[in-house]
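Student: I have just opened this structure and would like to get to know it. Could we go through it together, one question at a time?

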Amino acid sequence: MAEPRTYTGGCHCGQVRYEVTADLDQVLTCNCSICTKRGSLLTFVAPEKFGLRAGGEMLADYQFNKKVIHHLFCPDCGVAPFARGKGPDGKEMIAVNVRCLDDVDVAALKPMPFDGKSL
Ligand SMILES: [Zn+2]
């Protein structure tokens, strides 16, 4: 069993960097319209488990549909290393793009399907 551990991650060009404490036994593939196109692998964490270390002021924001999620991305390299939003319970949460974490073997993960399309 994996324990939650602290990972670093960020966008491709390196201007956006963060640290997150996450349990990668809890990884989701989402079937919503944007995750389908991006091929995102996501893990959801509470805001206190997440620390943006660089690039916060430059992030571009993309919103669609109900506009409850901020699909943030780096305007230089176009990579979306995380998103901010509210869960169904109204609590703030961070959706971390697991593909943007450093030194994670994504092929070894066992993602669960998440029905984001129905939200
Ligand atoms: Zn970038």
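Student: Which residue in E9 is the bridge partner of Arg84?
Tutor: Helices (H or I, at least four residues) and strands (E, at least two) are DSSP runs numbered from the N terminus, and two strands pair if DSSP finds at least two bridges between them. E8 (residues 82-86) and E9 (residues 92-97) are antiparallel, joined over 5 bridges. In one of these bridges, the E9 residue facing Arg84 is Ile94.

Student: Before we go on, at which pLDDT do side-chain atom pairs count?
Tutor: Residues are numbered from 1 along each chain as its sequence is written, and side-chain values use heavy atoms, with hydrogens and water left out. This is a predicted model, in which totals for chains, interfaces and linings use all residues, local features need pLDDT of at least 70, and side-chain atom pairs count only at pLDDT 80 or more.

Student: Which residue in the turn of the E8 and E9 hairpin has a positive phi?
Tutor: The hairpin leaves 5 residues between its two strands. One of the turn residues has a positive phi of about 85 degrees, and that is Gly90.

Student: What is the bridge partner of Ile69 in E8?
Tutor: E8 also pairs with E7 (residues 69-73), again in the antiparallel sense, over 2 bridges. Across from Ile69, the E8 partner is Gly85.

Student: Which protein donors hold the zinc ion?
Tutor: Donors are N, O and S atoms within 2.8 Å of the metal (3.2 Å for Na, K and Ca), and sites may look incomplete since water is not among the atoms. Here the SG atoms lie 2.3 to 2.4 Å from the zinc ion, with the spacing C-x1-C-x60-C-x2-C along the chain. They belong to Cys11, Cys13, Cys74 and Cys77.

Student: What geometry does the site of the zinc ion have?
Tutor: Four donors count as tetrahedral if all angles lie between 85 and 135 degrees. The 4 donor atoms here make angles of 105 to 118 degrees, and the site is tetrahedral.

Student: Is Cys74 buried or exposed?
Tutor: Buried means under 20% relative accessible area, exposed over 50%, and partly exposed in between (1.4 Å probe, protein chains only). Cys13 has 37%, so this residue is partly exposed. Cys74 has 0% relative accessibility, so Cys74 is buried.

Student: How many residues apart in sequence are the parts that Tyr18 and Phe50 tie together?
Tutor: Rings of Phe, Tyr and Trp (its six-membered ring) pair if their centres lie within 6.5 Å; planes under 30 degrees apart count as stacked, over 60 as edge-to-face and the rest as tilted. A search of the whole structure finds 5 aromatic pairs, and Tyr18 and Phe50 make a tilted one, 5.0 Å centre to centre with 40 degrees between the planes. Tyr18 lies in E2 (residues 17-22) and Phe50 in E5 (residues 50-54), so the parts tied together are separated in sequence by 32 residues.

Student: Which residues have the most contacts inside the largest nonpolar core?
Tutor: A nonpolar core is a set of buried Ala, Val, Leu, Ile, Met, Phe, Trp, Tyr and Cys residues joined through side-chain atoms within 4.5 Å. The largest one has 22 residues, and its largest share, 3 residues, comes from E2. Those with the most contacts inside it are Val20, Leu24 and Leu101.

Notes: Four donors count as tetrahedral if all angles lie between 85 and 135 degrees; four count as square planar and six as octahedral if opposite donors are over 155 degrees apart and all others between 65 and 115; anything else is irregular.
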